[in-house]
Amino acid sequence: MRKLNIDIETYSGADLSRCGAYRYAEDADFEVLLFAYSADGKPVPEEVLDTLADPTVEKWAFNAAFERVCLSRMLADMGRCPGGRYLDPAGWRCTMVWSATLGLPLSLAGAGAALGIGRQKLARGKDLVRFFCQPCAPTKANGGRTRNLPAHDPGRWEAFKVYNARDVEAEMEVESRLSRFPVPQATWDEYRVDQQVNDRGVAVDLALVRQAMRMDERARADAAEAMRRLTGLDNPNSVQQLKAWLADNGLAMESLDKRAVAAAVGQAPPELRRVLELRQRLSKSSVRKYQAM
C-alpha cells in the first residue's frame, strides 16, 4: 500500500471549537465513531491500522491534523500506539493545506464547490454531526440521556456512515482536481515542522495562571463595588441598568461596547468618566487565555 485517504467522525465531551484538537482528543469521553478510508483506491486490507504509523505510506485527509491527533488517541487506547505520543506527521498530507496554497476555501464543502466536483460533501452532515458527535441535553423525550448512540436512531446512523464515506470520496476528487498543481516539497517540510511544534506544545506555569485569575477576580470585585457606590445600581454589570443610569445623568449611549465607551470617556464629565473607566475594567478579557489554559 502506498496511499491511504482518510476521514473520521468522532465524539467528545469537549467543545472542539473552543479547545482545539489536542484537548478534544484527550477528553475522557473521546471516541472514534466512524473511520472511512480508501487504500490505493481499492478495498482496504486488514493491515490498515499498521499503515497509520508507517511513514512510507502517505495518509491524506482534509485538515489532516485532526485525523492524525484523534487516531493517535485511538491507537493508544488500543495499545497499538508507536513510540511517541502522536503519530509522526512525516507520512501525512493535508488536502486543506493544498487548497490553501491555491487560494481555495479552507473547508471541504467550500473547496469542493469552488472546484465543481461531482461528489460533493453531503449537506445533511451538520445535523448528523450535532446528533452523534456532541453531548445532548437530557429531556423527558430522550429518557434523560446526554448522548445519542447508534441504537437511538438507526436510520440516522446509516445516513451518518454514508456521509462519512462521501467525505473521503469528496477529498479524493478535490485531490484529483489539484493534481496538476503539486505542493512544493518545501511546503510539506514546513507542514511537518508545524505539526511537530504543535505536538510538543508549550509548558504552562499553572501556579502563575491560577494566581493571575485570582488577582483578576479581586480587581473585578473591587471595580464592581466601586461602581455600586457611585451609581447605586444593584448590578453594575447590567448593560441596561448602566445605560439607564448614564441617561438619567445626562449621557445617553446607544451602546456600551469597548469602542463606544472609549470614545465617551474623553468627553464625559469627571463624575461619569470614573464610572465609564470602571466599566472598561469590568469588560476586559485579559484573563480569557489563562482560563483556557
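Visitor: In which helix does Asn164 lie?

Guide: Asn164 lies in helix 7, residues 154-178. Helices here are DSSP runs of H or I with at least four residues, strands are runs of E with at least two, and both are numbered from the N terminus. Some ground rules come next. The model is predicted, so local features need pLDDT of at least 70 and side-chain atom pairs count only at pLDDT 80 or more, while totals for chains, interfaces and linings use all residues. Residues are numbered from 1 along each chain as its sequence is written, and side-chain values use heavy atoms, with hydrogens and water left out.

Back to Asn164. Its relative accessibility is 3%, so Asn164 counts as buried. Buried means under 20% relative accessible area, exposed means over 50%, and partly exposed is in between, with a 1.4 Å probe and protein chains only. What is Asn164 in contact with, beyond its neighbours within four places in sequence? The list is Asp7, Ile8, Glu9, Leu34, Phe35 and Ala36. Contact means heavy atoms within 4.5 Å.

Follow those contacts to the strands. Strand 1 covers residues 3-11. Eight of its nine residues are buried, so strand 1 is largely enclosed by the rest of the structure. Strand 2 covers residues 31-39 and runs antiparallel to strand 1, with eight bridges joining the two. Ile8 has Phe35 in strand 2 as its bridge partner. Both Ile8 and Phe35 are contacts of Asn164.

Two strands pair if DSSP finds at least two bridges between them. Lys3 stands opposite Glu58 in strand 3.

Move on from strand 3. Asn63 sits in the loop between strand 3 and helix 3. Its phi is positive, about 65 degrees, although Asn63 is not a glycine. Most residues other than glycine have a negative phi. Asn63 is partly exposed, with a relative accessible area of 32%.

Helix 3 matters for the core. The largest nonpolar core has 40 residues, and Leu52 and Leu71 have the most contacts inside it. Helix 3 gives the most to this core, with eight residues. A nonpolar core is a set of buried Ala, Val, Leu, Ile, Met, Phe, Trp, Tyr and Cys residues joined through side-chain atoms within 4.5 Å. Leu71 touches Ile6, Ile8, Phe35, Leu52, Leu87 and Trp92, leaving out residues up to four places away in sequence. Ile8 and Phe35 turn up again there. A second, separate core has 20 residues, including Ala223, Val261, Ala268 and Val275.

Helix 8 comes next. Helix 3 packs with helix 8 at about 45 degrees, with the axes 12 Å apart. Axes are lines fitted to C-alpha atoms, for helices over the stretch in contact, and angles run from 0 to 180 degrees between N-to-C directions. Helix 3 and helix 8 are therefore oblique to each other. Angles under 35 degrees count as roughly parallel, over 145 as roughly antiparallel, 65 to 115 as roughly perpendicular, and the rest as oblique. Ala64, Ala65 and Arg68 of helix 3 meet Tyr191, Gln195 and Asp199 of helix 8.

Pro89 lies between helix 3 (64-77) and strand 4 (92-94). At 5% relative accessibility, Pro89 counts as buried. Beyond residues up to four places away in sequence, Pro89 touches Arg68, Arg192, Gln195, Gln196 and Asp199. Arg68, Gln195 and Asp199 also take part in the contact of helix 3 with helix 8.
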